[in-house]
Amino acid sequence: MSRFRFFLSEAWEIQSRDRANGLASLTALTAVLFLLAIVLVAGHNVRGVAHGLETRKGLQVFLAEDVSEDRIAELGETFRGFGEVSEVRFISAQESLVEVEADLGGLDVVGALGDNPLSPSFEIRLTADAVSRSGVVQQLAREIEGYEGVGEVLYGGRNLVGMTTREL
């Protein structure tokens, strides 16, 4: 404890003798610590964004028009059976319409177009193992696209309207 008091008294004495150098040292130390904090916060945010992008990897499977409810249930069970798939969520055309209208700030899409132009779809999330392997998403998309009742498959977190996996 006596050493601590000694160092504290020496620091106070130096500070009182040469205020300009003490203030400059304190300012430089504060600036360095501030820059270090900025780098750490930026690194943390980048890591969080990268993790978010990794977990977003999945497929959006849009169904063809006039697919029966039985076929929709079969497709859902088939997709759940893939080893790379962790979660399958069915989104009805009405749910899609509600989401689009919310994204557009409450715009009445049906009123503007006359009917609901959206088709039902499946949102498929992949397992962490599947996400980490290269080419799994593309291969799974090609396979799913071949099923009867599937209109098109989008993947990679892109919002590419009207493009099939062959065009991506």
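Which residue does Glu77 meet in a salt bridge? The partner is Arg80, with 3.7 Å from N to O. Before going further, please keep in mind that this is a predicted model. The protein chain has seven helices and four strands, and its mean pLDDT is 80. Here is a short tour, grouped by topic.

**Overall layout**

- Read from the N terminus, the elements of the protein chain follow the order α-α-β-α-β-α-α-β-α-α-β.
- The protein chain has 168 residues, of which 24% count as buried.
- Among contacts in the protein chain with a separation of 6 or more, 67% are between residues 24 or more positions apart.

- In the protein chain, 88% of the residues reach a pLDDT of 70 or more.
- Helix H3 has the highest confidence, with a mean of 90, while helix H5 (residues 109-113) has the lowest, with a mean of 71.
- Residues 157-168 deserve a separate look: pLDDT stays under 50 there, and the model has 20 contacts beyond four places in sequence for this stretch.

- Helix H1 covers residues 2-17, and its 16 residues should span 22 Å at 1.5 Å a residue. The end C-alpha atoms are 22 Å apart, which agrees with that expectation.
- The number of buried residues in H1 is zero, so this helix lies largely in the open.
- A nonpolar patch on the surface is formed by Leu29, Leu33, Leu36 and Leu40, which together have about 400 Å² of accessible area.
- Leu36 counts as partly exposed because its relative accessibility is 46%, between the 20% and 50% cut-offs.

- Six salt bridges are present in the structure. As background, side chains of opposite charge can pair when their charged atoms come close.
- Glu74 pairs with Arg71 in a salt bridge, and their closest N and O atoms are 3.0 Å apart.
- Glu74 and Arg71 sit three residues apart in helix H3 (residues 69-80), so about one helical turn separates them.
- The pair from the opening question, Glu77 and Arg80, also lies in helix H3, three residues apart and about one turn of the helix.
- Glu74 is partly exposed, with a relative accessibility of 43%.

**Salt bridges between strands**

- Glu123 and Arg89 form a salt bridge whose closest N and O atoms are 3.8 Å apart.
- Glu123 lies in strand S3 (residues 121-126) and Arg89 in strand S2 (residues 85-91), so this pair ties together parts that are 34 residues apart in sequence.
- Arg89 counts as partly exposed, with 31% relative accessibility.
- A network of salt bridges links Arg89, Glu99, Glu123 and Arg125.

Methods:
Residues are numbered from 1 along each chain as its sequence is written. Side-chain values use heavy atoms; hydrogens and water are left out. Helices (H or I, at least four residues) and strands (E, at least two) are DSSP runs, numbered from the N terminus. The expected span of a helix is 1.5 Å times one less than its number of residues. Buried means under 20% relative accessible area, exposed over 50%, partly exposed in between (1.4 Å probe, protein chains only). Patches are made of residues with over 30% relative accessible area and no salt bridge: like charges are joined within 9 Å, nonpolar side chains (Val, Leu, Ile, Met, Phe, Trp, Tyr) within 5 Å. Accessible areas come from the Shrake-Rupley method with a 1.4 Å probe; for residues, only the protein chains shown count as cover. A salt bridge is a side-chain nitrogen of Lys or Arg within 4 Å of a carboxyl oxygen of Asp or Glu. pLDDT is the predictor's confidence in each residue, from 0 to 100. Contact means heavy atoms within 4.5 Å.
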